[in-house]
Amino acid sequence: MKMQEKRKISGSAAGMEVNLKKSVTEMLVLLLLRERDMYAGEVSDELDRRSCGLCGIVFPYSALYRMLDYEYLCERNPKRIAPDGRRRQYYGITERGQAHLEELLACYRRFMDGVTAVIEACREPDENGEGNT
């Protein structure tokens with residue numbers, strides 16, 4: 001990516017969206033895998049479907065491999081036949097991944113509570129003059 005393109009993204013709403021997506025991807029993948037084992041393409045499809053296209057990831061392998069390295073996930077062996085008839089590597093969440101997910105969820109909720117508090121405190125006054133104080 002050229003420097004000018006990076007600058008356009010970093011100083012924009014699109015850049016914020018990219019950073020937010022990076023920040024929550026691990027948590028969202030762990031949430032999905034807490035429900036059931038999935039293969040990489042299924043993880044992408046489910047994130048896309050459940051977020052109405054807002055939180056989809058095109059290439060989930062980097063997140064999956066990173067979480068495998070930290071032992072938050074494990075590969076389910078042997079490979080299974082997916083609904084499309086192909087043999088797929090399924091991933092499952094480990095006990096360590098469950099604990100990490102709980103930490104991520106707590107952190108996310110605390111952070112979002114703080115963001116919401118600031119937004120509410122700084123909201124524009126309505127027609128009755130009520131709003132920020």
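The model is predicted: local features need pLDDT of at least 70, side-chain atom pairs count only at pLDDT 80 or more, and totals for chains, interfaces and linings use all residues. Residues are numbered from 1 along each chain as its sequence is written, and side-chain values use heavy atoms, with hydrogens and water left out. The chain has 5 helices and 3 strands. Its radius of gyration is 19 Å, well over the 14 Å that the globule rule gives for 133 residues, so the chain is more spread out than a compact globule. A search of the whole structure turns up 0 disulfides.

**Overall build**

- Starting at the N terminus, the elements run α-α-β-α-α-β-β-α.
- Helices (H or I, at least four residues) and strands (E, at least two) are DSSP runs, numbered from the N terminus.
- The C-alpha trace spans about 65 × 40 × 25 Å along its principal axes.
- The radius of gyration is taken over C-alpha atoms, and the globule rule is 2.2 Å times the number of residues to the power 0.38.
- Of the 133 residues in the chain, 31% are buried.
- Buried means under 20% relative accessible area, exposed means over 50%, and partly exposed lies in between (1.4 Å probe, protein chains only).
- Take the contacts between residues at least 6 apart in sequence: 48% of them join residues at least 24 apart.
- A contact means heavy atoms within 4.5 Å.

**Surface and charge**

- The chain exposes about 9,600 Å², and carbon and sulfur atoms supply 53% of that area.
- Accessible areas come from the Shrake-Rupley method with a 1.4 Å probe; for residues, only the protein chains shown count as cover.
- There are 21 positive and 22 negative charges, and their mean positions are 8 Å apart.
- Lys and Arg count as positive and Asp and Glu as negative, while His and the chain ends are not counted.
- The place of a charge is NZ of Lys, CZ of Arg, CG of Asp or CD of Glu.

**Helix α3 and its neighbours**

- Helix α3 covers residues 40–50, and its buried residues include Ala-40, Val-43 and Leu-47.
- The buried residues of α3 pack against α2 (13–35), β1 (38–39), α4 (61–69) and β3 (87–93).
- Ser-44 also lies in α3, and this serine is buried, with a relative accessible area of 10%.
- Leaving out residues up to four places away in sequence, Ser-44 touches Ile-57, Val-58 and Pro-60.

- Leu-105 sits in helix α5 (residues 95–121).
- Leu-105 counts as buried, at 9% relative accessibility.
- Not counting residues up to four places away in sequence, Leu-105 touches Met-27, Leu-31 and Arg-34.
- Leu-105 and Leu-31 are 74 residues apart along the chain, yet their C-alpha atoms are separated by 9.4 Å.
- Glu-26 belongs to helix α2 and is buried, with a relative accessible area of 16%.
- With residues up to four places away in sequence set aside, Glu-26 touches Arg-66, Met-67, Tyr-72, His-100 and Leu-104.

- A disulfide is a pair of cysteine sulfur atoms within 2.5 Å.
- Cys-107 is in no disulfide either; the nearest cysteine sulfur, that of Cys-55, is 17 Å away.
- Cys-52 is exposed, with a relative accessible area of 70%, whereas Cys-107 is partly exposed at 41%.

- Most residues other than glycine have a negative phi, and most peptide bonds are trans.
- Cys-52 is not a glycine, but its phi is positive, about 55 degrees.
- Cys-52 is placed in the loop between α3 and α4.
- Glu-71 has a positive phi too, near 65 degrees, and is a residue other than glycine.
- Glu-71 is found in the loop between α4 and β2, and is partly exposed, with a relative accessible area of 48%.
- Asn-77 and Pro-78 are joined by a cis peptide bond, with omega about -5 degrees.
- Pro-78 lies in strand β2 (residues 73–81).
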